[in-house]
Amino acid sequence: MDSGFLAGLPALLLAAAAIGLTAPAIDSALRREDGERLFWVSLTGGLAVVAAIAWAGLAAPGAGAVVGLLALGGSAGAWYWVDRRHRARKRARVEKLRRRRLETLDSRCEAVLLDWGSYELDPWKGMEYPGLTDVREKETSQLARAAREAAAAHEAAGSGDAGDSALERYGNAVAELETAWERARDAAKRRAG
């Protein structure tokens with residue numbers, strides 16, 4: 001075996017260990033959004049790699065270049081790994097927020113529909129405010145239209161490839177449904193006396 005290779009082997013192991021330990025620590029700092037830790041871990045790992053390259057260069061002629069090239073390749077691979085994980089976390093976070101917004105809108109829509117439906121299912125409530133079940137009344141007709149629009153918007157927002165505009169449309173439809181429900185209920189109360 002070449003003595004130059006053996007002289008540079010400890011430096012190569014140091015560079016590999018520095019890269020191998022720094023990449024998960026950077027990933028952890030990015031996950032926690034800890035900028036200070038990210039700085040210090042990156043600086044320490046980078047200095048350890050530079051020290052390993054310098055050590056290899058001092059140990060044997062040409063070993064510094066070999067260790068430097070291998071460290072550069074290892075660093076590129078580590079960067080690619082960290083970047084993929086960071087992007088995947090960001091996508092998962094956005095999707096989680098989107099699902100949470102969709103669940104909130106679903107709850108609001110369902111609350112209005114359950115409240116409105118109770119006037120059809122409970123004869124006493126229906127007799128108290130008969131206008132809420134009569135779509136010939138202007139406000140009740142608008143409420144029915146808003147309910148259909150909310151259902152259509154929910155269908156579009158709930159599909160897997162729906163974008164932010166579909167979710168925004170659903171949010172607007174739910175807000176309009178809530179407003180239409182308030183108007184219909186107030187109009188029914190006024191008519192009932």
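Author: In this predicted model, let us begin with arginine 191, which counts as partly exposed at 39% relative accessibility.

Reader: With which residue does arginine 191 form a salt bridge?

Author: A salt bridge is read from a side-chain nitrogen of Lys or Arg lying within 4 Å of a carboxyl oxygen of Asp or Glu. Here the partner of arginine 191 is glutamate 137, with the closest N and O atoms 3.3 Å apart. Arginine 191 lies in helix 6 (residues 164-192) and glutamate 137 in the loop between helix 4 (123-128) and helix 5 (138-158), so the pair ties together parts that are 54 residues apart in sequence. Glutamate 137 is itself partly exposed, at 24% relative accessibility.

Reader: By what distance in the helix are arginine 87 and aspartate 83 separated?

Author: Their side chains meet in a salt bridge at 2.9 Å, N to O, and the two residues stand 4 apart in helix 3, a separation of about one helical turn.

Reader: What secondary structure does the chain have, and how does its radius of gyration compare with the globule rule?

Author: The chain comes to 6 helices and 0 strands. Its radius of gyration is 32 Å, well over the 16 Å that the globule rule gives for 193 residues, so the chain is more spread out than a compact globule. Along the principal axes, the C-alpha atoms fill a box of roughly 100 × 25 × 20 Å, and 33% of the 193 residues count as buried.

Key
Residues are numbered from 1 along each chain as its sequence is written. This is a predicted model: local features need pLDDT of at least 70, side-chain atom pairs count only at pLDDT 80 or more; totals for chains, interfaces and linings use all residues. Side-chain values use heavy atoms; hydrogens and water are left out. The radius of gyration is taken over C-alpha atoms; the globule rule is 2.2 Å times the number of residues to the power 0.38. Buried means under 20% relative accessible area, exposed over 50%, partly exposed in between (1.4 Å probe, protein chains only).
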